Protein chains: 2
Amino acid sequence: MARPPQFDRTEVLEKATQLFWERGYRGASVSDLVKATGLLPGSIYASFGNKEGMFIACLDYYGAQGDALRSQFESDSSPLTVLRNFFFAIVEMAADGDGSRGCFLVNASLECAESDSAIKSKVRDCMGQNEVWIRDQIDAARQVGELSEDTDTTRLAGCLTGAMFGFRVMSRAQEDPDKIRDVASTTFDSLVTPWQQVAV
Amino acid sequence: MARPPQFDRTEVLEKATQLFWERGYRGASVSDLVKATGLLPGSIYASFGNKEGMFIACLDYYGAQGDALRSQFESDSSPLTVLRNFFFAIVEMAADGDGSRGCFLVNASLECAESDSAIKSKVRDCMGQNEVWIRDQIDAARQVGELSEDTDTTRLAGCLTGAMFGFRVMSRAQEDPDKIRDVASTTFDSLVTPWQQVAV
DNA sequence: TATTTATTTGAATGATTGTTCAATAAAATA
DNA sequence: TATTTTATTGAACAATCATTCAAATAAATA
């Protein structure tokens, strides 16, 4: 027997995420959030606790979108294709016009020092999930024989994750889209090709 | 016929850079800067114009240290060795205990949106100088025959720069030092080895 | 319809933000 | 030594910051 929230939580998180993504945690004020989401301060604090709580909710929302994106690529086609498709989907997001925002997680990770511990650990969570998924695809590719048995799957996953961080930085730094595509594809091929082999 | 500044500019820039590097542009307040540098607000504004001016001066200072570091590795030994030594010096800085600050330039680039145009362009300047230097070393290595004539030196320089961005992100994200070393060296080798050849 | 519970409102909070400025101090020239 | 020029001082500025809260509102149960 209570009044339900008037606003659509997803819609609010979407708008808040866009704002934080573009301006950063400290660069977006609560009154900016009020303007962007249409919520008044009281509602924000009732629903998210405080500004940090709202930011973490946005990181969560962004992380969940990452989950959705990744699972969208999963299929019964070859694991290496799944991995490649995902990788280059991210490349396109970075190269695209809106890529100048970079990756919300990477941005948040660099903006916040270790003293913002709640934010940092949420960021690490989401990044970790991504890296584990990548390693899972590599493991699967190895198991199917697309990659050599010698493949150090954890290492390769780490390298690809690092490469993705790299071109997301380039995209926020306003690098030429074609250069981002070029660097990303060259790096992907250089890292993966040595372990590739025809399926058994 | 005027009173000279009382403070050592380099000393002040060093302390301010440390602060901005750890906490970010918006995360470090002017009163934090006052505490860290020992300068009072009036002196800061007389010498640097405003907070943004001081931040840009710090980026400049950091960039100049990069110049110094790079030239420190230049020698008459092989260009590829120069490049490798520089690359792994940065790797060690990232893996080291103090690496949790990441790269000041990368941090600044991600924290600031395009609206912070003066900061953005200073960051791009310094990053550009770094990438050009890397390409110069690769060019030299190609000319000496350490790298194949087919080597696309601009592309390789871009890939190595991107890789360095990547592990600097990992270091700010508090990744395990040994993992950073592993990822960095694997990526370097994967990118460079295919073009390497015995000197003519 | 009356009551309960939660949300929304929007003004007000005190703290902190970046910045200014008149007064003071000190070095260098004349 | 007197004068000029700049640096330093540190209090004060208005603006903005994140946050709070009592009142008003609305849905759901009884």
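The surface near DNA strand D has, by class, 13 nonpolar, 7 polar and 3 charged residues. In this classification Ala, Val, Leu, Ile, Met, Phe, Trp, Tyr, Cys and Pro count as nonpolar, Asp, Glu, Lys and Arg as charged, and the others, Gly among them, as polar. This is a predicted model, in which local features need pLDDT of at least 70 and side-chain atom pairs count only at pLDDT 80 or more, while totals for chains, interfaces and linings use all residues. Residues are numbered from 1 along each chain as its sequence is written, chains are lettered from A and ligands numbered from 1 in the order in which they are written, and side-chain values use heavy atoms, with hydrogens and water left out.

**DNA strand D**

- Of the 23 residues around DNA strand D, those that come nearest are A:Val30, A:Tyr45, A:Lys51, B:Arg3 and B:Gln6; a residue is near a molecule or strand if one of its heavy atoms lies within 4 Å of it.
- Among the atoms of DNA strand D that come within 4 Å of the protein, sugar and phosphate account for 77%.
- An N or O atom in the side chain of A:Arg3 is 2.8 Å from a base oxygen of DNA strand D; a polar contact is a pair of N or O atoms within 3.5 Å, and within protein one must be able to donate a hydrogen and the other to accept it, while residues adjacent in sequence count only if both atoms are side-chain atoms.
- Phosphate oxygens of DNA strand D are 2.7 Å from an N or O atom in the side chain of A:Tyr45 and 2.7 Å from a polar backbone atom of B:Gln6.
- The elements that give two or more residues to this surface are H2 and H3 of chain A together with H3 of chain B; helices (H or I, at least four residues) and strands (E, at least two) are DSSP runs, numbered from the N terminus.
- H3(A) gives the most to the surface near DNA strand D, with 3 residues.

**DNA strand C**

- Around DNA strand C there are 23 residues, of which A:Arg3, A:Gln6, B:Val30, B:Tyr45 and B:Lys51 come nearest.
- Sugar and phosphate make up 75% of the atoms of DNA strand C that come within 4 Å of the protein.
- A phosphate oxygen of DNA strand C is 2.4 Å from a polar backbone atom of A:Gln6, and another listed contact places a phosphate oxygen 2.5 Å from an N or O atom in the side chain of B:Lys51.
- H3(B) gives the most to the surface near DNA strand C, with 3 residues.
- By class, the surface near DNA strand C has 13 nonpolar, 7 polar and 3 charged residues.

**Chain A with chain B**

- The contact (heavy atoms within 4.5 Å) takes 34 residues from chain B and 34 residues from chain A.
- Between chain B and chain A an area of about 3000 Å² is buried, of which carbon and sulfur atoms give 61%; buried area is the accessible area (1.4 Å probe) that two parts lose on being put together, summed over both.
- In chain B, B:Leu110, B:Val169 and B:Arg172 lose the most area to chain A, together 20% of what that side buries.

**Helix H2 of chain A**

- In helix H2 (residues 30–37) of chain A, the buried residues are A:Asp32, A:Leu33, A:Val34 and A:Thr37; buried means under 20% relative accessible area, exposed over 50%, and partly exposed in between (1.4 Å probe, protein chains only).
- The cover over these buried residues includes helix H1 (9–23), helix H3 (41–48) and helix H4 (51–73) of chain A.
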